[in-house]
Amino acid sequence: MFNAGDIVEFISCDDDPRAIGKTGRILDEVPPGALTDHRWTVDRISIFIAPVLVRSDEIRKVG
């Protein structure tokens with residue numbers, strides 16, 4: 001389970017493959033629901049990559 005502010009690394013990313021191997025920060029205050037198709041919102045990946053939606057199996061916590 002992830003929490004808002006967690007730093008995560010991208011293992012894969014269907015939303016934007018350029019994010020793979022990079023890190024970002026979870027934005028969601030609560031676990032994602034049907035509105036986002038149960039995907040987490042991750043931001044602060046890169047200046048060139050907008051926030052992305054990812055499934056739990058596409059990311060892992062760093063540290």
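**Ile26 and its partner.** I started with Ile26 and looked up its bridge partner in S3, which is Val42. Two bridges join strand S2 (residues 23–26) to strand S3 (residues 40–43), and these strands run antiparallel. I count two strands as paired if DSSP finds at least two bridges between them. Strands here are DSSP runs of E, at least two residues, numbered from the N terminus.

**Ground rules.** I'm working on a predicted model, where local features need pLDDT of at least 70, side-chain atom pairs count only at pLDDT 80 or more, and totals for chains, interfaces and linings use all residues. Residues are numbered from 1 along each chain as its sequence is written, and side-chain values use heavy atoms, with hydrogens and water left out.

**The sheet.** Next I traced the open sheet: five strands in the order S4-S3-S2-S1-S5, with antiparallel pairing. Its edges are S4 (52–54) and S5 (59–61), each pairing on one side only. On average, neighbouring strands are turned by 45° against each other, direction ignored; the axes are lines fitted to C-alpha atoms, and angles run from 0 to 180 degrees between N-to-C directions.

**Aromatics.** I found one aromatic pair in the structure. The ring centres of Phe2 and Trp40 are 5.6 Å apart and the planes sit at 80°, so I logged the pair as edge-to-face (centres within 6.5 Å; planes over 60 degrees apart). Phe2 lies in the segment before strand S1 (7–10) and Trp40 in strand S3, so the pair ties together parts 38 residues apart in sequence.

**Burial.** Is Phe2 buried or exposed? Phe2 is buried, at 9% relative accessible area (buried means under 20%, with a 1.4 Å probe and protein chains only). Trp40 is buried too, at 3%.

Note on methods: Helices (H or I, at least four residues) and strands (E, at least two) are DSSP runs, numbered from the N terminus. Rings of Phe, Tyr and Trp (its six-membered ring) pair if their centres lie within 6.5 Å; planes under 30 degrees apart count as stacked, over 60 as edge-to-face and the rest as tilted. Buried means under 20% relative accessible area, exposed over 50%, partly exposed in between (1.4 Å probe, protein chains only).
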